[in-house]
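Let's take a walk through this structure together. Have a look at the picture below, and then we'll go from one part to the next.

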Amino acid sequence: MTLGNRVRDQLGRITSHTPADTSVFVAPASTVPGARVGYDLDGRVPAGDPSTAWDRRRAEYKLVSPLNTKKMTVVVVGTGLAGSGAAAALGELGYDVHAFTYHDAARRAHSVAAQGGINSARAKKVDGDSLQRFVTDTVKGGDFRAREADAFRLGAQSVRVIDHMNAIGAPFAREYGGTLATRSFGGVQVSRTYYTRGQTGQQLQVAGAQALQRQVARGTVKLHTRTEMLDLIVDAGVCRGVVVRDLVSGQVWAQPAHAVILASGGYGSVYFHSTLAMNCNASASWRACRHGAFLANPSFVQFHPTALPISSHWQSKTILMSESLRNDGRIWVPRTPGDSRPAGKIPDKDRDYYLERKYPAFGNLAPRDISSRAAKEQIDSGHGVGPLSNSVYLDFSDALHSLGREAIAQRYGNLFEMYERATGEDPYVVPMRIAPGAHFTMGGLWSDFNQMTALPGLFVGGEVGWAYHGANRLGANSLLSACVDGWFTLPFSLPNYLNPLLGQPLPGAGDACVRDAVARVERRTAALLGVGGSQAASKFHRRLGEIMYRGCGVERSAASLTQAIADIADLRAEFWDDLSVPGSGAQLNQGLERAGRVADFLELAELMCVDALDRQESCGAHFRTEYQDSGEARRDDAHWAFVSAWEVDGAPQGVADHALSFVRHAEPLHFEAVQLATRSYK
Ligand SMILES: Cc1cc2nc3c(=O)[nH]c(=O)nc-3n(C[C@H](O)[C@H](O)[C@H](O)COP(=O)(O)OP(=O)(O)OC[C@H]3O[C@@H](n4cnc5c(N)ncnc54)[C@H](O)[C@@H]3O)c2cc1C
């Protein structure tokens, strides 16, 4: 298996160099000081028709006999939709599975927050949906910066996902006749989103966590709650387990494994104010990067157009209102900048329904990147509403008039209630106020078609990975990707990796790779506790978020990114000089947990800005102000139709001089089934 100028052995280790094949693809030089260009990556997609790639690959996979699965240990980090699915499926196959979560129960993973729905290309309606349309929508929605074969897998397996989740207890909404109900989400013109009122993630997560608990009861899965993975065990370039900290007792211990799956979620909380829960973090994936896994397209971040506006600097997070509201809500701003009349006093002629005006074909269901940018444009040009003029209206008055209050309450009742509780305003009476907020990370750990990262033995599932969504994720495709990875991809690809490892002993506590990994964690904990400064980690996190919104937000430019990179380096230096972590490591210590996570964010943020500065085009949510055609993203397929997969190097954390260096590897992207074209939602 060649990787540009390198070769991989059976386990995926990069073993030797071969001359680079320059006839196919030449990655552009990086203009970012200190960033180097590496080699071309092979995504290991089988040659030929992308629509059948997964079926063909699955047929080739080697298996592990049911008699042998119990002899092989697999670690799964995370019990969200991706992790609980993977752990339950591998447990069902008989593997010795260890599942870790820092939450106090599997079902509390952040997947519970998802409201709107989960897509499936079941095409049960007569609206023209099909697998091909799902793939076209997904690839086009992602602005052609994802693998086409991945999108086919996502669409094809989506049918199984709905049937499976339905069978294990997810109470999907139903039509009068008992068939499963659907609705529409942004970026599509069909109705393929399955839902359970405004609590889809919660209901799916409860079903997934129950399936996991069933395996716990059978004895195939050992569930470690309130336990945080802090490092990987790496032996001769292969991942062979994890080092974790018991968050209650402070005990640090190693769990060796034949393979590790990271299903630890996304990194949107690097922005501090985000729609993610406060304790979501990037430490698992960032530590993997520091061991040779690559981070793909880290600057591809989705800002959700229907988040609630920030109302105070001291607010700790941003609340999301589901995109499903855009099915019936109409988005508008006053035509005249600074018009401060209450919404109800502004007549229709003085309103600008700007999405309907600019994108008549998709209207209020334009994709998220486009809708967020359009909202920011309105707010920046003085049309923003609310006390801080930092929001736009999402108005249900027309829908209430035509459908009635009961129909609207049935569709969105709990979302309306949530809005009223958060703002004190009744959306049945006055329009909601919404604004773009950091939400979902399309970037993530690079993996090949088998979901294995560049660090052999380390696999990914769910939002922690980069796959499927390109530069902009379509609404309701993420619950889907987490379920597809967990239930229907990793349980097939992992056995293929494990097959040749049968009989291989696990590393023991006395082996150097285990001792080194534990020592690294202990050194780092001591470093965080030992700074002895005056500022809590949360203060640094808040300031980092401000830098990121300003420098690498809905829009970015060379100037804003260059400034952000300098600011982050300064903040990181200040962190290691003036951090205060009270208490010790040998007890429950949330200040210490937070400090470790913020230390990782302070490095990840730099790479996000480097990636955004490096990519000299606009695509999807990555909007560089220099590359646009009258406000629309200008892609440059001739030079940038590839995935940037960054390798990270640098001194160990906790030392004063903390410079990082980055190498950009590239996986070229090819499109066969969906024609590479400029997106238009007009
Ligand atoms: C408010 C909100 C609404 C959303 N609505 C939708 C929607 O309607 N439709 C849709 O498709 N998508 C939606 N999304 C996105 C979707 O919910 C997520 O992308 C998806 O649920 C992620 O699932 P996951 O399994 O990858 O990760 P998560 O559910 O985030 O789970 C991560 C797991 O990893 C564990 N973990 C992390 N780090 C460590 C560590 N170091 N050690 C131990 N454990 C660790 C956590 O404890 C947790 O168990 C929404 C997201 C948000 C924030």
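Sorted by class, the shell around the ligand has 20 nonpolar, 22 polar and two charged residues. Here Ala, Val, Leu, Ile, Met, Phe, Trp, Tyr, Cys and Pro count as nonpolar, Asp, Glu, Lys and Arg as charged, and the others, Gly among them, as polar. Keep in mind that this is a predicted model, where local features need pLDDT of at least 70, side-chain atom pairs count only at pLDDT 80 or more, and totals for chains, interfaces and linings use all residues. Residues are numbered from 1 along each chain as its sequence is written.

Of the 44 residues around the ligand, Gly 78, Gly 80, Gly 116, Gly 265 and Gly 462 come nearest (a residue is near if its C-beta atom, placed from the backbone, lies within 6 Å). Which helix gives the most to the shell around the ligand? That's helix 11, with four residues. Helices (H or I, at least four residues) and strands (E, at least two) are DSSP runs, numbered from the N terminus.

Helix 2 (81-92) and helix 5 (200-218) are among the elements that each supply at least two residues of this shell.

Strand 25 (residues 642-650) and strand 26 (residues 660-668) pair in the antiparallel sense over nine bridges. Val 643 stands opposite Glu 667 in strand 26.

Terms used:
Pairing = 2+ DSSP bridges.
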